[in-house]
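Q: I am new to this structure and would be grateful for a close look at a single part. Which residues make a nonpolar surface patch? Please begin with the chain as a whole.

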Amino acid sequence: MDEWYPLKVRVRMYAATIAILLMTIVVGALMPAPRDLLIESYRRYEELMRSLSLEEAPLDVAVYRIFFHNLYVAALMFVPLLGLVIAIYSAYMTGLVLHAVAFVESRELGIALLSLVLAPSTWGECLAYSIAITESVFLGRALLLRRKVDLSLSLALFMLSLSILLLSATIELALVRAAP
């Protein structure tokens, strides 16, 4: 058997999980929502942004704040079987918050969605989360079938996911700070 087989199988799932994440974000953004929910979602978003203090923090500190926020989300997505559910919820809420920001700030939702999809950091985060989701599915399946789990591969993929998230956080902050 090919020693790369376990990784090849996972890589085939990445495109599907990225598509699921992006479609779920779009559904969350386009789903009709009550005005009160949008305002409350925006308030929580603003609260999170204030707590991260990205504007006044030095670049490296701000990058690490974004990274640790995304690390928390990715770690939850690695939980066997539950990772996919957590990922779908997180992506849906991302879309809902995008809807809330567009609503409260009187911006065009389509432009906001397009901006999100065109941002390189979005693709990096989606790839990192896709790795986490896929590993969650593989770990969950192995546990359900009482099969041996290759934790060295899982750990390597977790570290790869974190590396991509750190790069994505750096790109995201560089783009935010470069914007007029």
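Predicted model: local features only at pLDDT ≥ 70, side-chain atom pairs only at ≥ 80, totals over all residues.

A: The pLDDT is the predictor's confidence in each residue, from 0 to 100. For the protein chain the mean is 91, and 99% of its residues reach 70 or more. Local features require a pLDDT of at least 70 and side-chain atom pairs count only at 80 or more, while totals for chains, interfaces and linings use all residues. Residues are numbered from 1 along each chain as its sequence is written, and side-chain values use heavy atoms, without hydrogens and water.

The secondary structure consists of seven helices and zero strands; helices are DSSP runs of H or I with at least four residues, strands are runs of E with at least two, and both are numbered from the N terminus. The C-alpha atoms fill a box of roughly 55 × 40 × 25 Å along the principal axes.

The requested patch covers about 320 Å² and is made by Ile20, Met23, Leu84 and Ile88. Helix H1 (5-30) and helix H4 (82-104) are the elements that give two or more residues to the nonpolar patch. A patch is made of residues with over 30% relative accessible area and no salt bridge, with like charges joined within 9 Å and nonpolar side chains (Val, Leu, Ile, Met, Phe, Trp, Tyr) within 5 Å. A salt bridge is a side-chain nitrogen of Lys or Arg within 4 Å of a carboxyl oxygen of Asp or Glu.

Leu84, one of the patch residues, lies in helix H4. Leu84 counts as partly exposed because its relative accessible area is 31%, where buried means under 20%, exposed over 50%, and partly exposed in between. Of the 180 residues of the chain, 38% count as buried.

Technical notes: Areas by Shrake-Rupley, 256 points an atom, 1.4 Å probe, with all protein chains shown as cover. Buried < 20%, exposed > 50% of the residue type's maximum accessible area, 1.4 Å probe, protein only.
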